[in-house]
2 protein chains.
Amino acid sequence: MVKFRNLDESPAFRDLLRLGPADLRASLTARAVETRRADAGGGLTFSWAASDAGEEAIDLLGRVAAEQELAEKYRLLASGHRMNTGEDRMVLHHLTRGEPAGKVVRDGRDFRSFYEGERLRIAEFSRKVHSGSLKGSTGKPFRTAVQIGIGGSDLGPRALFLALENWARAAGRTRMAARFVSNVDPDDANAVLADLDPETTLFILVSKSGTTQETLANETFARDFLARRGPSGLDPSRHIVAVTSETSPLARNPGYLDSFYIDDFIGGRYSSTSAVGGVILSLAFGPEAFQELLDGAREADERARSPDPRANPALLDALIGVFERNVLGRPFLAVLPYSQALSRFPAHLQQLDMESNGKQVNRDGQPVSYPTGPVVFGEPGTNGQHSFFQLLHQGTDIVPLEFIGFLENQTDRDLEVEGSTSRAKLNANLAAQIVAFAKGRDAPDPNKRFPGGRPSTLLYGRILDPRALGALLAHFENKVMFQGFAWNLNSFDQEGVQLGKVLTKQVLAGGALDEALESLSRALGVR
Amino acid sequence: MVKFRNLDESPAFRDLLRLGPADLRASLTARAVETRRADAGGGLTFSWAASDAGEEAIDLLGRVAAEQELAEKYRLLASGHRMNTGEDRMVLHHLTRGEPAGKVVRDGRDFRSFYEGERLRIAEFSRKVHSGSLKGSTGKPFRTAVQIGIGGSDLGPRALFLALENWARAAGRTRMAARFVSNVDPDDANAVLADLDPETTLFILVSKSGTTQETLANETFARDFLARRGPSGLDPSRHIVAVTSETSPLARNPGYLDSFYIDDFIGGRYSSTSAVGGVILSLAFGPEAFQELLDGAREADERARSPDPRANPALLDALIGVFERNVLGRPFLAVLPYSQALSRFPAHLQQLDMESNGKQVNRDGQPVSYPTGPVVFGEPGTNGQHSFFQLLHQGTDIVPLEFIGFLENQTDRDLEVEGSTSRAKLNANLAAQIVAFAKGRDAPDPNKRFPGGRPSTLLYGRILDPRALGALLAHFENKVMFQGFAWNLNSFDQEGVQLGKVLTKQVLAGGALDEALESLSRALGVR
């Protein structure tokens, strides 16, 4: 019987509190680089050579994992236990990529079959669009897919699309252009729509509930955009598909060309491998590419089943994060992909992590007495080196770092300048930064001194293709899940977004308000 | 005689350490909204109604400002004092927008005239490009300007371009398209160039030293792109202009169509109002728009001269940051523009702030014993509400917030859904979030409880146009400058970027290396 308890009830955690950081000057050796790494699935390797969780700390973290039964909790989750306690829901996103242990049947529904069925419907729909057997209302083939969604219906799919756009172009696998509209700021929709031809545009409206304020507002912009073409406008029911739950007002609605389904057991920030990411990625790159992404994610999920942190990179990454946060007291995490294609991946991880584990109460609704999720931020390297890396190297706080890198380019042209290609320069910078952060450098002038002792991990692979990207995505999903288990949180609800929604409705309804809210609304032109 | 001393030598600062945060439930009132605000220039208003620095704290912060002589230090800086101590340089970016006190003459050079002269040369050059009197090497007019630069030569200009792109389209003031290449990752240049026609492309190569590794590598991609058009290629000297210092190898070089100059007294992250931002913005939107931006920045600079924090928003914002960081112990800052056009403005501020004040030693090279620059991050609202706001509302740490908002859209189409326009929804959300963060809400279920007490400030204006944008930019530049003065830092050097550069060169040179660096380089395919 699995037991849920707070982190500070773990005896190994209390032992861990006696440890400090490893001395990276001594511990980051060639041997550490060669031995402190593990296969993360999808062709990726996870390296903790430059982590300041030393071997003794990792042994103790392994005991924490055992005491907190982290691997068992993943098994429980994947088998349909109601891990989303606040909302009394199962958590089934692993089933979208065929988690091997995952056969969940409830009330006569086989969920794995349900998600797989939707994937097949999406593949068939995409093929019809690509072949031209499904066209716009004026008989022209669709050229651009526009996703309308916000939060989990935007950040993950957008980050994945951008991650593969150049890969697809070089590999001859581009099928359609894709764009995204998310913000309720009307300047967002107007800017995206200004470049498009309504006759060749296919909208994907993504809202699980079918009631998201921003998404419905932007749907109106899409309908208006279609209505303004030609004397009588275009038929919106031939230009908009919905991705929603079966119980939403958008489901089986004749106002849409088609609908693809998710359910309450797929959280928004975990939905990239469901229809939420599946429709746009299948349209943009073909259903085969989306399947490759799912394959990579499943490989990472398989690694996540091991109770041994040294053979389970997502678990180890999570535990190292606990060491940084709860033992060394570091409240941040920087994600630094040395890959321009991952320019929006940190924004996705920011949501994934901060929305999942930015909580003060445990899964039973009781306040916890230790810090939980960190602030997550990041930008691609080498760009960041010319920006905020100054603080990372010489600031008064230590920020733990997660680097990501690849051996090969996505595009096929590279050039040599001063004896090295741009790829070699990029990766030489990545290696150099890891060592510079860890080891620092002394200097007579204190302004030129680098204290070092700044820990990092590294995920690297041959090339950023759909399989590697799927594994990268699942690695972080599983990392965040394990951290939530360690902290005894419910990582799958988001009550923190509710109060703002309630107050917004009050402002828009025009009734009596809190006096400060009234005054602020007036200053901002709303009342 | 102005005196430089560490923050903890200020008696008022020691008094300040006895204070805690104001109780925002009580202090955020309609009266606070109406009285705790000041004109920030450029049509912007700065509100500190929802700050938890109470009136007593602000009085003491004003004493800190007086004791640390912050206003005098700005005057000193603007008049040409060598405030960049480590590099023994003046700091003259205010002169680019005509700081009224600013006449700096050294060694026979009048710097204000020099920067103004470059602005006039840029305006003339832009007009020639727009009129078609200056064309590409095959006689076609230039259609797209591509900036090649990194760090300060990229983030600020890119954020400003994106901030005005839709404004210009709606106002009929678009003159040319603009794109940006920065990362040494070859996938960046390849992706940008894939969409362009070399015959109508004008490159702007931006590097003060003329030796930036990434920028020179990307210049080679641009030259290759030009060389591959037609049987004998295009003449690069008719398609590339340089923005550089007069002593760089790019200056007065016949390989370039023209060169525009800055000097060592304009730091990269402070260079958006110099030729670094001026060429691309004048080309994209016309020199008049760039001048309006400078006018807005100058208005903000004028406000920054007052020693009274309640009449000097940049100073007050800086002091509130010191209160959050050094009194309340909060190591982060989230920048949250409720404006899709400002999507990359937080990335610019992240560089501006973290590269300027992420330091452990004071301006004289002595270690300081208090925390300095915070981690800065942010994304536009309402998007962030569906992402990391969960942690901001209910996480275990309190993150101070800086909101930015506008009363009107940049584009001209807005639609009503459920009784309100998208603009009204956007601003209702903004007002609601400020109040939700400050006041929270109790609830029987601890998971639905909002602790409140989460402080914010707000910068707002009528519309995001060049003048407002200039003021916004200068507000934050001046804020960071004042914070650096308060902490007694040199905010104008960046020694923290050097070690990585040295190690990268060692990797690429192929000689003997630190064993871990050798091993990491091999894993990443560089050696």
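Two strands are taken to pair if DSSP finds at least two bridges between them. In this predicted model, strand β10 (residues 332–337) of chain A meets that criterion with strand β12 (residues 401–406) of chain A, since four bridges join the two. These strands run parallel. One of the positions involved is Leu336(A), whose bridge partner in β12(A) is Phe403(A).

The pair belongs to a wider arrangement. Six strands of chain A form an open sheet, in the order β1-β2-β15-β12-β10-β11, with mixed pairing. At the edges stand β1 (37–41) and β11 (375–377) of chain A; each has a single partner strand, so one side of each is left without a neighbour in the sheet. From one strand to the next, the twist averages 20°. Helix α13 (residues 345–357) of chain A packs on this sheet and touches both β10 and β11 of chain A. The direction of α13 makes about 165° with that of β11(A).

The relation between the two chains comes next. Phe377(A) falls within the range given for β11, the edge strand of residues 375–377.

How many residues of each chain take part in the contact between chain A and chain B? In chain A there are 124, and they are in contact with 123 residues of chain B. Helix α15 (residues 422–439) of chain A provides the largest share of the chain A side, with 15 residues. By class, that side has 55 nonpolar, 47 polar and 22 charged residues. Of the interface residues of chain A, 99% are also interface residues in chain B, so the copies meet through the same surface.

The axes of α15(A) and helix α18 (residues 515–523) of chain B come within 9 Å and cross at roughly 145°, and the crossing is right-handed. On α15(A), the contact is made by Ala428(A), Ala431(A), Ala432(A), Ile434(A) and Val435(A). On α18(B), the contributing residues are Ala516(B), Leu517(B), Leu520(B) and Ser521(B). The residues of this contact divide into eight nonpolar, one polar and no charged.

Methods. Residues numbered from 1 in each chain as written. Chains lettered and ligands numbered in written order. Predicted model: local features only at pLDDT ≥ 70, side-chain atom pairs only at ≥ 80, totals over all residues. Contact = placed C-beta atoms within 7 Å. Nonpolar A, V, L, I, M, F, W, Y, C, P; charged D, E, K, R; others polar. Axes fitted to C-alpha atoms, helices over the stretch in contact; angles between N-to-C directions. Left-handed = near helix turned anticlockwise from the far one by under 90°.
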